[in-house]
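Hello,

Here is the structure I promised to pass on. Please open it first; my notes follow below.

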Amino acid sequence: MRKRPEWKALEAHHAELSQTHLRDLFAAQPGRGEQMTAEAVGLYLDYSKHRATDETVGLLIELARACGVTERRAAMFAGERINTTEGRAVLHVALRAPRDETIMVDGVNVVDGVHEVLDRMAGFADRVRSGEWTGHTGRRITNIVNIGIGGSDLGPVMAYRALRDYSDRSMTFGFVSNVDSTDFVETTSTFDPEETLFIISSKTFSTLETMTNANTARAWCLEKLGDEAAIAKHFVAVSTNAEAVRAFGIDTDNMFGFWDWVGGRYSMDSAIGLSTMLAIGPKHYAEMLSGFHAMDVHFQNAPLEANLPVLMGLMAVWYRDFFGAQTAAVLPYDQYLERFPAYLQQLTMESNGKHVTLDGARVDYETGAIYWGEPGTNGQHSFYQMIHQGTSLIPCDFIAFGESLNPLGDHHDILTANVLAQAEALAFGKTADEVRAEGTAEELVAHRVFEGNRPSSTIVLEKLTPYALGTLVALYEHSVFVQGAVWGIDSFDQWGVELGKVLAKRIIPELQATDDGDLTHDSSTNALIRRFRDMRGEGG
C-alpha cells in the first residue's frame, strides 16, 4: 500500500499541510464553509472544519480509485462473495431493497425472500400490537424482551431508543444480552410472565450467552405458567435452525429467518429488527427501510467527490494513516441517539479492526480507529476537555437535528448553539493574545489557550424520523465499507471474536469441577480458576 504513488502523493501533501491551521485554511478560502459540504437524502454534511483542502479530497479520491473502491462497491451490490474468508456475499443492501428490485445470489433473487420475511414480521407485529395475539392465559402481551448479543442486541436496542417517540407506549420493551444473570433479573423484575413475549435472536440457536439467557427465560415463564404448551405463546425466534427452535418449544411458524449474507452488525433491518417493528409498527419500520435504501442508492450512484459515505470514509483514512489519530468520537446532539455510539463501536471496530489484508499479508499501515462517544451536551462536561486541550488528535462527528421531537421552551436552541459552538471552538480555538486581551493573568494564559485545529464533521438532519435513522445508519455502514476497501481488508468477517469463545467453553467445566484436575492453561489462568473455585465454595 505504502508504495502506491497515490499513497506517496498523500504523504507529501500531508507534510505540506500538517502545519497549516484551520484558521489559515478558512482565511484563504472565504467560501469554504459553503463549498466543502455535501447533501443528499435529507442529510447535510459539513466537512469544512477538516484539516484538508480540495486537493486533499482529490488525492484521497485518487487513492480510493487506485484501491478499487468503485469495483468493490459494484461487486457488493451485485451479490458477489466479497467476504472472501467466509465465502459469502455481503448484501445488507438487499434487506431494504424495494419489492420490484432484483439482486441475484446463486441464481435466486434474494429480494423476494426478504419481503416474504418482512410480510410475516408485519403480520405478526400487527397481531401482537392489536391484542389479537395473547399469552397462554389469554392476557394481552404488554412486555417484549429481545434476547440476543452483539448485532442481535446492539442494533435493536439502539433503534428502539432512537425511535422511542414513535413506539407504542402501552408496551414495555426490554433487552437482555449479557450472560451476567443481573441483566436478566433486572430486565424482567417488574414483568409478569403471563404478559411477556420473548424474542430469541440467534441465527444458529446455539450462541452460548443467548441460549443461556433463553433457557433462563423459559424456566422463568414455566415457573408461573406451568404448562410446556405456554412456551409457544410466549416465545418466538429469529433463527435459521428450525430443529433447535422446535426442540425449545417454539412454533416454527413463528420463526423468522435471515441469511448468511447478512453479518450480525449489519442485521438491524433484517428479522433481527422484529422488536423494532413491534415497537414502532410496520409502517414506520418501512419508512426506516426506505431511508436505508435512499442512502444505498446515493452511495451506489453519486460521484465520489459528492458521495457522503465516500467523503466520510476517506477522511477517516486521512486521519488514521497520515495524522496517526487512534480514535474518533461520534457525538449525537439528541438524547434519543444515546446508544448510537455503542452501536457504531461494533459496526466500525468489528469490521475494520483487522491486521491482515484480503490475501493474508500483514498490513504495514494503520487500519480501523477506536470509535466512542456520548450524547451532547453531557459529553461536554465529561471528556470534551481532552478533545480540546489534550495531546491526542481526535476527529469528531457532530450529529444535530433542526427540530426537536420534544420541543420545550428554548431547550433546542441551547442544544443547537452548543453543537455549533463546540465545532467552532475545536477548529479555531483561542490564541494566547486573545486570552490576554480578556484580562487573564499571565500565569494563567497557557492554561486558557485553546490551540484549535481539531477536526470535525457536522452532520445535520431535519428531524429524527425512522427515515432519517435509516439514512444515518447506512451512511456509517458505507463509510466503513470505503475504509475497508482502501485498506484492502475484509470488513465483513470477525475471526477475532472466536478464540475467546473457544477458551471460555473449555474453562466453564473447569470452574464447575470439584477437584483440581489437570489444568493446562498458563500459570495465571490456572491460579485464577482455583481462586474462583475457592470463592464459589466459600459462598456456598
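Predicted model: local features only at pLDDT ≥ 70, side-chain atom pairs only at ≥ 80, totals over all residues.

Residues are numbered from 1 along each chain as its sequence is written, and side-chain values use heavy atoms, with hydrogens and water left out.

**Strand β5**

β5 and β6 (residues 172-176) run parallel and are joined by five bridges. Strands pair if DSSP finds at least two bridges between them. Helices (H or I, at least four residues) and strands (E, at least two) are DSSP runs, numbered from the N terminus. β5 spans residues 143-147, and five of its five residues are buried, so the strand is largely enclosed by the rest of the structure. Buried means under 20% relative accessible area, exposed over 50%, partly exposed in between (1.4 Å probe, protein chains only). Asn143, Val145 and Ile147 cover one side of β5, with Ile144 and Asn146 on the other.

**Cores**

A nonpolar core is a set of buried Ala, Val, Leu, Ile, Met, Phe, Trp, Tyr and Cys residues joined through side-chain atoms within 4.5 Å. The largest has 130 residues. Trp318, Phe340 and Ile399 are among those with the most contacts inside it. α19 gives the most to this core, with 13 residues. A second, separate core has 23 residues, including Phe184 and Met255.

Ile459 is also among the residues with the most contacts in the largest core. Leaving aside neighbours within four places in sequence, Ile459 is in contact (heavy atoms within 4.5 Å) with residues including Leu43, Met312, Phe398 and Tyr476.

**Cavities**

The search used a 1 Å grid over the protein atoms alone: a cavity is a set of points where a 1.4 Å probe fits but cannot get out, a pocket is an open set with protein on both sides within 12 Å along at least five of seven lines, and lining residues have an atom within 4 Å of a point. Grid points are joined across faces, edges and corners, and a volume is the space filled by probe spheres set on the points.

There are two cavities of 30 Å³ or more.

Leu95, Trp259 and Asp269 are among its lining residues.

**Pockets**

The largest pocket contains about 1,100 Å³. It is lined by 38 residues, with Thr207, Gln494, Val497, Glu498 and Lys501 nearest the centre. α20 supplies the largest share of the lining, five residues. The classes are 13 nonpolar, 15 polar and 10 charged.

The second largest pocket has about 390 Å³. Of its 16 lining residues, Asp334, Gln335, Tyr336, Ser404 and Leu415 are closest to the centre.

Best wishes

Terms used
Nonpolar A, V, L, I, M, F, W, Y, C, P; charged D, E, K, R; others polar.
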